[in-house]
Amino acid sequence: MVEVKKWVAEMEALCKPEKVVWIDGEGLDEYRKEALKSGELIELNNELMPGCFLHRSALNDVARSEDKTFICTTKEDDVGPTNNWRAPDEMYSVLTSLFDGVMKGRTMYVIPFCMGTVGSPFSKLGVEITDSIYVVLNMCIMTRVSKEVTKALGAEFVKCLHSTAELDIDKRYICHFPEDNAIWSINSGYGGNALLGKKCLALRIASYRAKEENWLAEHMLILGIENPAGETRYVCAAFPSACGKTNLAMLIPPEIYRQKGYKIWCVGDDIAWLRIGEDGRLWAVNPENGYFGVVPGTNEKTNPNALAAISKDTIFTNVVYDEDKNTVWWEGLDNPPKNAINWKGEKWTNREEKGAHPNSRFTAPAKNCPILSPEFENPKGVPISAIIFGGRRAKTAPLVYQARNFDHGVFVASTMASETTAAQTGAVGVTRIDSMAMKPFCGYNMGDYFAHWLKMGALIGDKAPKIFNVNWFRTDEQGRFIWPGFGDNLRVLEWILARCDGTATAVESPIGYMPTPKDINIEGLDITHTDLENLLNVDSELWKAEIIAIKEYYETFGDRLPQKLWEELSNLESRFS
Ligand code: SAT
Ligand code: MN
């Protein structure tokens, strides 16, 4: 605690707030009231949505700002081509002048928080300093904040400094100093830019630590699948932001599976920390304590569990406000409200325009999820049978395939591509390679990161999870999704788990092992075997173009790219020729 107090005093001297308030997760009503007074929050209908609030962000502050995100290490080479680099001294000097006096007349909140269960040797402690009540309230949902956490604080904690300042986009910086265990973020209040326990700590800083300590910090959901015999097996799955991780993590089995007795348990929807357990297998924990999910599209059909989770004690950001009911609404729900305010805070009259921002978000406590795994708090986590990678691809990637072995799986994951979404600022729908869905989140040179994955595979050996790639987003000639997705994705998971057990058949293709149409259960679905054939089709022309794009991408890593991956690429090329 001495170290924390010393750091807080230094930051107080820099930011010059009117007062300093320590947050221990209790008495939050006081802060909510303040936020209601300032207009930062709107209290929603307490009968229909108890404990729920609406927040509207600044118009230019609705997504992660990847171009304003920096990794600051002594050597530029250590961050690699996928990150923005700045020298620590240079960045500290820019930031110090921006933070100087930034909290004058404001309150400085100090939030000790824990990523992972308190007391577990695998958890990481952090302290976030912020001048935003919205951040305080979100952090109290997304991370563990309690007296116990404050008590546990010692010399080792991640120093997280944040200010919304003037929300000036030209002076926005989200900076990571992995060599100092520090994160400084200014001029944004948006989730991934401002809730520093999430992407900044649990992925960028944690991935850096994980490389040194032989574990993995990944952009993955964790899900338990209980079969009719009552056995639960766990999988992790990595998808880029806004590609349906929360929906997959909380899926409801299709009717025929429910009748047989299948159940799904949600351990996490966004981040996984994976370690080799005493039994030599890979075990995963979810370091978060809540969900920061995309709202539009969430409904009774797509994700009833998320809908239940956000029925109380939830903060909504940038959705539609229903003036008559004092509730919220978003695209994907029925019955748009008559009298409504859109996410920008204007009367929603032009209904051609979306009312909720496409990246509008809910912040809900994990304990609200009806299918929260009983293992959620287990400090050891859950053993992982399979790791699934996926993205949004209209054509190239088939519905599912299995990597030939772990190293090939690392190759597959390193080359996965996806169309960009509204979760990051910039153009939507542009295909980019997003290795392991970690492109925006890996805190060091991704060439080294691939080498670290290969090393982890060697350390785990034959107990390593099997690796798969999926694509729920393939479209037909009319641009319509062929695969129904959502709960029906369990049909693909069933094949994946059967492959892990060695009970499902597969055929070898140039890209890996694939099911034949008869291997995927489509009973009760409005899908034909021809559709499945289309979904599983591997178009060699598209893949040849893919190989060229991969080559260009790999070249950007120079000699930091493991030779093994060049070999995998050349093997793939020869399998297509
Ligand atoms: O970065 S956030 O955590 O705010 C959301 C996302 O892009 O995954
Ligand atoms: Mn995410």
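The buried residues of helix H11 are Phe406, His408, Gly409, Val410, Phe411, Val412, Ala413 and Ser414. In this predicted model, H11 spans residues 406–414 and is mostly covered, with eight of its nine residues buried. At the start of the helix, a side-chain oxygen of asparagine 405 comes to within 3.2 Å of the backbone nitrogen of aspartate 407.

The manganese ion (ligand 2) is coordinated by three residues, Lys199 through NZ, His219 through NE2 and Asp270 through OD, at 2.2 to 2.3 Å. The spacing of these donor residues in sequence is K-x19-H-x50-D. Lysine 199 belongs to helix H7 (residues 197–213), whereas aspartate 270 lies in the loop between strand S14 (263–268) and strand S15 (272–276); the pair therefore ties together parts that are 71 residues apart in sequence. Lysine 199 and aspartate 270 are both buried.

Lysine 199 also takes part in the surroundings of ligand 1, together with Arg64, Tyr190, Gly191, Gly192, Lys198, Ser241, Phe292, Arg361 and Ala423. By residue class, this shell divides into three nonpolar, three polar and four charged residues. Polar side-chain atoms approach oxygen atoms of ligand 1 in several places. For lysine 199, an N or O atom of the side chain is 2.5 Å from an oxygen atom of the ligand. The corresponding separation is 2.8 Å for a polar side-chain atom of serine 241 and 3.1 Å for one of tyrosine 190. Taken alone, ligand 1 exposes 260 Å², of which the protein buries 98%. Two elements, helix H6 (191–194) and H7, each give two or more residues to the shell around ligand 1.

Phe292, one of the residues around ligand 1, is also in contact with asparagine 138. Asparagine 138 is placed in helix H4 (residues 133–142). This asparagine counts as buried because its relative accessibility is 0%, below the 20% cut-off. When neighbours within four places in sequence are left aside, the contacts of asparagine 138 are Leu195, Phe292, Ile315 and Thr363.

A second residue examined was valine 8, which is found in helix H1 (residues 2–15). Valine 8 has a relative accessibility of 3% and so counts as buried. Apart from neighbours within four places in sequence, valine 8 is in contact with Trp22, Met108, Val110 and Ile129. The C-alpha atom of valine 8 is separated by 21 Å from that of glycine 189, a residue 181 places away along the chain.

Asparagine 489 is located in helix H13, which covers residues 489–501. With 3% relative accessibility, asparagine 489 is likewise counted as buried.

Terms used
Residues numbered from 1 in each chain as written. Chains lettered and ligands numbered in written order. Predicted model: local features only at pLDDT ≥ 70, side-chain atom pairs only at ≥ 80, totals over all residues. Heavy atoms only, no water. Donors = N, O, S within 2.8 Å, 3.2 Å for Na, K, Ca; no water. Helix = DSSP H or I, 4+ residues; strand = E, 2+ residues; numbered from the N terminus. Buried < 20%, exposed > 50% of the residue type's maximum accessible area, 1.4 Å probe, protein only. Near = heavy atom within 4 Å. Polar contact = N/O pair within 3.5 Å; in protein donor to acceptor, adjacent residues only side chain to side chain. Areas by Shrake-Rupley, 256 points an atom, 1.4 Å probe, with all protein chains shown as cover. Nonpolar A, V, L, I, M, F, W, Y, C, P; charged D, E, K, R; others polar. Contact = heavy atoms within 4.5 Å.
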